[in-house]
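Reader: Please show me how to read this model. Start with the ligand shell, then take helix packing.

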Amino acid sequence: MSVICIANQKGGVGKTTTAAALAQGLSEHNKRVLLVDWDPQASLTISFGFTPDNLKLTCYDVLTSTIRNNGSRSIRDVTLPTSNPGIDLVPANIELSQAQLDLVNALTRELMLKEMLQPVRKAYDFILVDCLPSLSLMTINALSAADSVLIPLQADFLAMKGLALLLSTIIRVQERINPALEILGILFTMTNARTLHSREVIEVTKRAFGDRIRVFETTIPTSVRFKEAPAAGMSILTYAPRSDGAEAYRLFTEEVLHEKS
Ligand SMILES: Nc1ncnc2c1ncn2[C@@H]1O[C@H](COP(=O)(O)OP(=O)(O)OP(=O)(O)O)[C@@H](O)[C@H]1O
Ligand SMILES: [Mg+2]
């Protein structure tokens, strides 16, 4: 059993796409996966075909129950089945934007998500937490609950700039809260094999961090199919199963499984 948090404070780098595709990839290896939408934008929830505003219960209800310590809602109460029998989803909606404020006043405020996940840890092979784009207390909760953190990184120079800040946050969490936290690795997304720029950014990153942090061999190419898949309520692996993007995420899944077994 492994909890992987997918984090990068930069927006739009492929966190949610990676969460959905990795879940699908793992399920094709008969792994049971729980996806946790830890973002008030609820992109992951939407990409599975749900309408966040119509949901009666979301992870926010479990979070408030955990903060108040009244046991009124457990994670099982809010978990939804998806069209893939191997994947369950803990959904989110805009209410989760209140969580940051609620957490500030909570006792052991960094450990709320960890406590929330406790009852279902044994029920799944993988729990994937799709983080919001910030280094807030929400992300600290995800890093504190996780066994490892996966960093999707857009292969462009500006996107790379935030990496050092993310790594220093991870190190702080390792030192103070979760010494067992590992960096699973950096996954380059939205690459373009034809441009020199993509390749240069990957090389520069490997040179700067490669001795300390794994950079996955597989990179995810830029493709318009990625934008179409969520609208169809599917991950790229089911929407365009033979596309380069789907094949890349399958290879990436195998790298993750190799690392984790
Ligand atoms: N490899 C790719 N090629 C082309 N488009 C992609 C690729 N990966 C993701 N996208 C698209 O880029 C946009 C942002 O991706 P995604 O939502 O996965 O990023 P994110 O990091 O989760 O964003 P946020 O920080 O807002 O949560 C989406 O429209 C998605 O469909
Ligand atoms: Mg997202």
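**Ligand shell and helix packing**

Author: The shell around ligand 1 divides into six nonpolar, 11 polar and three charged residues. Ala, Val, Leu, Ile, Met, Phe, Trp, Tyr, Cys and Pro count as nonpolar; Asp, Glu, Lys and Arg as charged; the others, Gly among them, as polar. This is a predicted model: local features need pLDDT of at least 70, side-chain atom pairs count only at pLDDT 80 or more, and totals for chains, interfaces and linings use all residues. Residues are numbered from 1 along each chain as its sequence is written, while chains are lettered from A and ligands numbered from 1 in the order in which they are written.

Reader: Which residues are the closest to ligand 1?

Author: A residue is near if its C-beta atom, placed from the backbone, lies within 6 Å. Of the 20 residues surrounding ligand 1, the closest are Lys-15, Thr-16, Thr-17, Pro-133 and Phe-226. H1 and helix H11 (225–231) each give two or more residues to this shell. Helices are DSSP runs (H or I, at least four residues), numbered from the N terminus.

Reader: How do I read the packing of two helices?

Author: Two packed helices are described by the angle and the distance between their axes. Here, H1 (residues 15–28) and H13 (residues 244–260) have axes that come within 9 Å and cross at roughly 70°. Axes are lines fitted to C-alpha atoms over the stretch in contact, with angles from 0 to 180 degrees between N-to-C directions. H1 and H13 are therefore roughly perpendicular (65 to 115 degrees).

Reader: Which residues make the contact?

Author: H1 gives Ala-21, Leu-22, Gly-25 and Leu-26; H13 gives Tyr-249, Arg-250, Thr-253 and Val-256. Contact means C-beta atoms, placed from the backbone, within 7 Å.

Definitions and conventions
Parallel < 35°, antiparallel > 145°, perpendicular 65-115°, else oblique. Contact = placed C-beta atoms within 7 Å.
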